[in-house]
Amino acid sequence: MNWFLIMAYILSVTSFLCLVRIVSGPTHFDRLIGLNLMVTNITVIIVIMAVHYNYLVYLDVALVYAILGYVSVIAIAKYLTGRELHR
Amino acid sequence: MIIVADVFFALGMLFISFGVIGIMRFPDVYTRLHPAGKAGTGGVLSIFIGLMIYSGLSHFSWRIFLIAVFILITSPVASHAIARGALESGIKPWEAKND
């Protein structure tokens, strides 16, 4: 078993735990924290797969995924700012 | 040179695992932002530095460097936006119960 695959498995387990936080967060901002960390974990998984399988195109996919995750998190945070939705 | 990359991989996996445990265990939004920020910058950048050392000077290392610089800039901005939104939305910070 290669170490890259073991790291990808551990990162998929951590992103699943972030998904548990997204489902069971008490407020909306807990769900947003879980979304931010899950996007970052999946970006790391894509980069590790690109280095392991020697595919150069996956790094562009990882960059686009990171940009989309950042824009979505900023947009949802700006949408929820100042709204009394948490109770 | 592979040993240095393995040390960075182990450091990054340790950061991300402890960050996710902190997200699962901490009681509040503001306390959950702390391990989320540490796992989002420290662990990810450690893994990217390890991958850059592993792949040497090639097309891979330059693009991984680009993604690492992007995440280094944008992850604290996202954490700051979440914290400011939670504070302006009126969420009270958690306090310990002194029984």
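In the predicted model, the contact between the two chains draws 39 residues from chain B and 36 residues from chain A. On the side of chain B that touches chain A, the elements giving two or more residues are helix 1 (2-25), helix 2 (29-55) and helix 3 (59-88). Helix 3 of chain B provides the largest share of this side, with 17 residues. By residue class, the side of chain B that touches chain A comprises 26 nonpolar, 9 polar and 4 charged residues.

Chain B contains 3 helices and 0 strands, and its order along the sequence reads α-α-α. The radius of gyration of chain B is 17 Å, whereas a compact globule of 99 residues would have a value near 13 Å. The C-alpha trace of chain B extends over about 55 × 30 × 15 Å along its principal axes. Of the 99 residues in chain B, 39% are buried, a buried residue being one with 20 or more other C-beta atoms within 10 Å of its own. When the contacts of chain B between residues at least 6 apart in sequence are considered, 66% of them join residues at least 24 apart.

Chain A is more spread out than a compact globule, because its radius of gyration of 15 Å is well over the 12 Å that the globule rule gives for 87 residues. Along the principal axes, the span of the C-alpha trace of chain A is about 50 × 25 × 10 Å. In chain A, 41% of the 87 residues are buried. Contacts between residues 24 or more positions apart make up 48% of those in chain A that have a separation of 6 or more.

Taken by chain, the model can be summarised as follows. Chain B, with the pattern α-α-α, has a radius of gyration of 17 Å and a buried fraction of 39%.

Definitions and conventions. Residues are numbered from 1 along each chain as its sequence is written. Chains are lettered from A and ligands numbered from 1 in the order in which they are written. This is a predicted model: local features need pLDDT of at least 70, side-chain atom pairs count only at pLDDT 80 or more; totals for chains, interfaces and linings use all residues. Two residues are in contact if their C-beta atoms, placed from the backbone, lie within 7 Å. Helices (H or I, at least four residues) and strands (E, at least two) are DSSP runs, numbered from the N terminus. Ala, Val, Leu, Ile, Met, Phe, Trp, Tyr, Cys and Pro count as nonpolar, Asp, Glu, Lys and Arg as charged, and the others, Gly among them, as polar. The radius of gyration is taken over C-alpha atoms; the globule rule is 2.2 Å times the number of residues to the power 0.38. A residue is buried if 20 or more other C-beta atoms lie within 10 Å of its own, exposed if 12 or fewer, and partly exposed in between; C-beta atoms are placed from the backbone.
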